[in-house]
Amino acid sequence: MANDSRFSYDLYAIGNALVDSEYEVSDAHLQTMGVDKRHMTLIDADRRTELLGHLQTTTSRRTGGGSAGNTVVALAQLGGRAFYSCRVADDELGAFYTQDLIANGVATNLTHAQPAPGQTGSCMVMVTPDAERSMSTFLGATAELDATALHEQAIAQSRIYYMEGYLAASPTGLQAALQGRQIAQAAGVALATTLSDVSMINFCRPGLDAIVGQGLDYLFCNEEEAQVWAGTQDLAVICQQFSQLARTVCLTRGSMGCVVLEGGQQTTVPAATVKALDTNGAGDMFAGAFLYAVTHGHSHAQAAWLANQAAAQVVSQYGNRLTRDIMGGIKSRFGQHVAA
């Protein structure tokens, strides 16, 4: 299946290019800075400068980021083929981000276009001792992501077209995601998205509704996002509502694993047992591992097992991504699990 010559890519994704800087902070520090815990907040350049002032004595770790960016890297590290459409600026962070994608084996529009002047988007990720992540995102150049980032031929030659839910906050980014969605549907490419964050549901619901649209094949969300979307904490009601949104829905529940909804059936797949240090990137990792497995001939229950293992590994460390070697070990265990 994976070697079918009709397909150049297993996954084509569009999303925000963000360089993550991660800080370990206390709850009191979050309150002092006025940061909304557990959620993503969009900030401007002045607010970014203010927050950096609060954090100047705190050591940070820098990595490539962005929700869909994390997802395509995860898929590529497992051996899948991915293309990522995004936008960076002609600065040091933009060069860092582009090289990071290339180093992880991800094809991108960034190698085909001259970056624009300005600042590349960045995300300040603040992790508290309870492992929760709170994000302050300066969009920078990615605020102007538009349809010029799309590669129509690459979309048409992909198995799955994936839209980052955060694009619901960007008029041009949303338009680009929806234009790519039309190209994908016309070519018979499967459609996937993630709800991304509660803030998107609360403040950008019309955009998310448009991304979900009709005929969605894969939808990823966590339990809190599902509760806010459905307006209830009743899991049975949530599952009934969400089963109408996509052919396959993956509802992640942290240490309780995940629920896969498909064709009126509900399958619970247990989580791996780990001590959580940092939840940043867990949902992105889950989606990347799940989509790798389904594009390589595995059942959705098997895909969820792999996704749970990879997500558990990423929350047991600080940082939003894993190394290629660690991903190789997870893939090896997956092979043993499938063979058992």
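Tutor: Begin with the kind of model: this one is predicted. In strand 5, Ser 85 is the bridge partner of Ile 14.

Student: In which sense do strand 1 and strand 5 pair, and over how many bridges?

Tutor: Strand 1, residues 9-14, and strand 5, residues 82-85, are parallel, with four bridges between them.

Student: What lies across these strands?

Tutor: Helix 3, residues 67-77, lies across strand 1, strand 5, strand 6, strand 9 and strand 10. Its direction is at about 165° to strand 1. Helix 6, residues 171-186, also packs on the sheet and touches strand 1, strand 9 and strand 10. The angle between helix 6 and strand 9 is about 155°.

Student: What is the strand order of the sheet?

Tutor: The sheet is open and has nine strands in the order 6-5-1-9-10-11-12-13-14, with mixed pairing. Strand 6 (106-108) and strand 14 (265-269) are at the edges; each has a single partner strand, so one side of each lacks a neighbour in the sheet. On average, neighbouring strands are turned by 20° against each other, direction ignored.

Student: How should I think about side chains along a strand?

Tutor: In a regular strand, side chains alternate between the two faces of the sheet. For a case here, look at how covered strand 13 is. Of the five residues in strand 13 (258-262), four are buried.

Student: Which strands pair with strand 13, and in which sense?

Tutor: Strand 12, residues 248-252, pairs with strand 13 in the antiparallel sense over five bridges. Strand 14 also runs antiparallel to strand 13, and five bridges join the two. For residue pairs, Val 249 has Leu 261 as its bridge partner in strand 13, and Cys 258 stands opposite Val 269 in strand 14.

Student: Which residues in the two hairpins have a positive phi?

Tutor: In the hairpin of strand 12 and strand 13, with five residues between the strands, Gly 254 in the turn has a positive phi of about 60°. The hairpin of strand 13 and strand 14 has two residues between the strands, and there Gly 263 takes a positive phi near 55°.

Student: Now the salt bridges. How many are found in the whole structure?

Tutor: The search finds 15. Asp 10 and Arg 81 form one, with their closest N and O atoms 3.6 Å apart. Asp 10 is in strand 1 and Arg 81 in the loop between helix 3 and strand 5, 71 residues apart.

Student: Where do Arg 205 and Asp 209 lie?

Tutor: Both lie in helix 8 (205-212), four residues apart, which is about one turn of the helix. Arg 205 is partly exposed at 27% relative accessibility, and Asp 209 is partly exposed at 37%. Finally, look for shared partners: salt bridges of this kind join Asp 10, Arg 81 and Arg 159 into one network.

How values were computed
Residues are numbered from 1 along each chain as its sequence is written. This is a predicted model: local features need pLDDT of at least 70, side-chain atom pairs count only at pLDDT 80 or more; totals for chains, interfaces and linings use all residues. Side-chain values use heavy atoms; hydrogens and water are left out. Two strands pair if DSSP finds at least two bridges between them. Axes are lines fitted to C-alpha atoms, for helices over the stretch in contact, and angles run from 0 to 180 degrees between N-to-C directions. Contact means heavy atoms within 4.5 Å. Buried means under 20% relative accessible area, exposed over 50%, partly exposed in between (1.4 Å probe, protein chains only). A salt bridge is a side-chain nitrogen of Lys or Arg within 4 Å of a carboxyl oxygen of Asp or Glu.
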